[in-house]
Amino acid sequence: MGLLTRQQAADLMDVPVSWVDAFLQFGSLERYEGPNGETLVDADEILLKRFAATRHEEVSLAHVRSMLKKLGVGHPASSG
């Protein structure tokens, strides 16, 4: 993905810029210097360390039932 500004890194991680600064200060992320002297962060490092925000998608009830059926669980107890 390449190098990101601190703001772009914060957007990718879904955190405030101050958190990115803390990651940089404590050495959790490596700091790179851009051509204008600005601090840059490697997007691949963020993804590799799983610092990027994950977007969860809603799962339909039909999908859950299908997965349970494949696993052989979730069968209703027979009454009688």
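I began at Val41 and listed what it touches beyond its neighbours within four places in sequence: Gly2, Leu3, Leu4, Ala9, Val20, Leu24, Leu29, Glu30 and Ile46 are in contact with it. I keep in mind throughout that this is a predicted model.

**Entry on the core.** I next looked up the largest nonpolar core and found that Val41 belongs to it, in a set of 12 residues that also holds Leu4, Ala9, Ala10, Met13, Val15, Val20, Leu24, Leu29, Ala43, Ile46 and Ala52.

**Entry on helix H1.** Which residues of H1 are buried? I found Ala9, Ala10 and Met13 to be buried there. Looking down the axis of H1, I saw that its buried residues fall within an arc of 100°, so they line one face of the helix. I then asked what covers the buried residues of H1, and the list includes strand E1 (3–5), H2, strand E3 (39–42) and H3. Past the end of the helix I checked the backbone and noted that Asp14, which follows H1, has a positive phi, near 60°.

**Entry on the sheet.** I followed the strands and found an open sheet of 3 strands in the order E1-E3-E2, with antiparallel pairing. E1 and strand E2 (31–33) are the edge strands, since each pairs on one side only. I recorded a twist that averages 50° from one strand to the next. Between E2 and E3 I counted 3 bridges in the antiparallel sense, and when I looked up Glu33 I found that its bridge partner in E3 is Thr39. H1 packs on this sheet, where it touches E1 and E3, and its direction makes about 100° with that of E1.

**Entry on the salt bridges.** How many salt bridges are there? My count came to 2. In one of them the side chains of Asp21 and Arg6 meet at 2.6 Å, N to O. Because Asp21 lies in helix H2 and Arg6 in helix H1, this pair ties together parts that are 15 residues apart in sequence. I also looked up how accessible the two partners are: Asp21 is partly exposed, with a relative accessible area of 28%, and Arg6 counts as partly exposed at 31%. The side chains of Lys49 and Glu45 also meet in a salt bridge, at 2.9 Å, N to O. Is Glu45 buried or exposed? Its relative accessible area is 13%, and it is therefore buried, the limit for that class being under 20%. Lys49, by contrast, counts as partly exposed at 38% relative accessibility.

**Entry on the whole chain.** Finally I stepped back to the overall layout, where I recorded 4 helices and 3 strands, which follow the pattern β-α-α-β-β-α-α when read along the sequence. Buried residues make up 20% of the 80 residues in the chain. Of the contacts with a separation of 6 or more, I noted that 46% are between residues 24 or more positions apart.

Terms used. Residues are numbered from 1 along each chain as its sequence is written. This is a predicted model: local features need pLDDT of at least 70, side-chain atom pairs count only at pLDDT 80 or more; totals for chains, interfaces and linings use all residues. Side-chain values use heavy atoms; hydrogens and water are left out. A nonpolar core is a set of buried Ala, Val, Leu, Ile, Met, Phe, Trp, Tyr and Cys residues joined through side-chain atoms within 4.5 Å. Buried means under 20% relative accessible area, exposed over 50%, partly exposed in between (1.4 Å probe, protein chains only). Contact means heavy atoms within 4.5 Å. Helices (H or I, at least four residues) and strands (E, at least two) are DSSP runs, numbered from the N terminus. The arc is that of the directions from the helix axis to the C-beta atoms. Two strands pair if DSSP finds at least two bridges between them. Axes are lines fitted to C-alpha atoms, for helices over the stretch in contact, and angles run from 0 to 180 degrees between N-to-C directions. A salt bridge is a side-chain nitrogen of Lys or Arg within 4 Å of a carboxyl oxygen of Asp or Glu.
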